[in-house]
Amino acid sequence: LAKDKRIRQALELSIDRDAVNQVVFQGEFMVGNQWVPPGNPWYVKAVPTPKRDVAKAKELLKAAGVPNPTFTLMTPTGNEVQQVAQVIQAMIKEAGFDMKIQQVEFATSLQQAQKGDFDAYLTGWSGRVDPDGNLTAFIACDGGQNDGKFCDQGVEAALKDTRSTSNFEQRMTAYEKIAKIHADENPRTYLYHPTWFWAMNPKVAGFVPVPDGMIRLAGMKMN
């Protein structure tokens, strides 16, 4: 979105995650600011989800010399994601942001994101049980889904530490370093984590829900 991190910080402070959750998802989702939701064993409690602060956002934009940033948010097509974009658009306008929304077919949006052909991109991730599956590809310097090309040597070293041991405490120490750098640099703004709801015909048997929300058909059958 911007080379000056103060603009990225201002954008985050302009957003009320709780309001997004209530308006778009009827309060059923969980707001968050990290790659795992609050309450997850891997969540870094020392870096909590910030509250909306429009006054602080305005101060940061003024300090950055850009009181009224203009940018386009690319979104995949779909009702929910459009509602999220529209709520954000209205919120951040109060801080001085002028955001336009560009709807792009999902596969095309992924291609444009990988090429860096965007100002900002609103997308989601199904999630993985181990935090590495939610983080390294998106934030490592050579990450395959690091569309914003964020690169920080402190994060690189910490990522290496998390992948070199299975010890929980050692990994958490590294993730805390990453969370603190991420909160300051703000290369991505995490908004919410979905709650999965399942409904099925009584004749379906063998369905086992898993944390990433993806359906596994193995073992399922119709009685």
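Reader: Leaving aside its neighbours within four places in sequence, which residues is Phe97 in contact with?

Author: Quick note before we dig in: this is a predicted model. Phe97 is in contact with Ile7, Ala10, Leu11, Ser14, Leu61, Pro69, Phe71 and Ile92, once neighbours within four places in sequence are set aside.

Reader: What is the idea behind a nonpolar core, and which residues have the most contacts inside the largest one here?

Author: The general idea goes like this. In soluble globular proteins, nonpolar side chains tend to be buried together. In this model, the largest nonpolar core has 29 residues, and Phe71, Val84, Ile92 and Phe97 have the most contacts inside it. The elements giving two or more residues to this core are α1 (5–13), α2 (17–25), α3 (54–64), β2 (70–76) and α4 (79–93). Of these, α4 gives the most, with 7 residues. There is also a second, separate core of 19 residues, which includes Trp42, Ile139, Ala158 and Ile178.

Reader: Okay, helices next. Which residues of α7 are buried?

Author: An α-helix has 3.6 residues a turn, so residues three or four places apart point the same way. Now look at α7, residues 153–162: its buried residues are Val155, Ala158, Leu159 and Thr162. They cover an arc of only 105 degrees around the axis, so they sit on the same side of α7. The face turned away from that buried side carries the exposed residues Gln153 and Lys160.

Reader: What do the buried residues of α7 pack against?

Author: They pack against α6 (132–139) and α8 (168–185).

Reader: Which residues other than glycine have a positive phi?

Author: Two examples to look up are Gln26 and Lys149. Phi of Gln26 is near 55 degrees, and phi of Lys149 is near 60 degrees. Gln26 is in the loop between α2 and β1 (30–31), and it counts as exposed at 58% relative accessibility. Lys149 is in the loop between α6 and α7, and it is exposed too, with a relative accessible area of 57%.

Reader: How many disulfides are there, and which cysteines are joined?

Author: A disulfide is a covalent bond between the sulfur atoms of two cysteines. This structure holds 1 disulfide, joining Cys141 to Cys151 with an S to S distance of 1.9 Å. Both cysteines are in the loop between α6 and α7, 10 residues apart. Cys141 is partly exposed at 26% relative accessibility, and Cys151 is partly exposed at 45%.

Reader: Last one: is Gln34 buried or exposed, and what does its side chain reach?

Author: Gln34 is in the loop between β1 and α3. With a relative accessible area of 2%, Gln34 is buried. Its side chain reaches the backbone oxygen of Val44 at 2.9 Å, and a polar atom of that side chain lies 2.8 Å from the backbone oxygen of Val47. Not counting residues up to four places away in sequence, Gln34 touches Tyr43, Val44, Val47, Tyr190 and His193.

Terms used: Residues are numbered from 1 along each chain as its sequence is written. This is a predicted model: local features need pLDDT of at least 70, side-chain atom pairs count only at pLDDT 80 or more; totals for chains, interfaces and linings use all residues. Side-chain values use heavy atoms; hydrogens and water are left out. Buried means under 20% relative accessible area, exposed over 50%, partly exposed in between (1.4 Å probe, protein chains only). Helices (H or I, at least four residues) and strands (E, at least two) are DSSP runs, numbered from the N terminus. The arc is that of the directions from the helix axis to the C-beta atoms. Contact means heavy atoms within 4.5 Å. A nonpolar core is a set of buried Ala, Val, Leu, Ile, Met, Phe, Trp, Tyr and Cys residues joined through side-chain atoms within 4.5 Å. A disulfide is a pair of cysteine sulfur atoms within 2.5 Å. A polar contact is a pair of N or O atoms within 3.5 Å; within protein, one must be able to donate a hydrogen and the other to accept it, and residues adjacent in sequence count only if both atoms are side-chain atoms.
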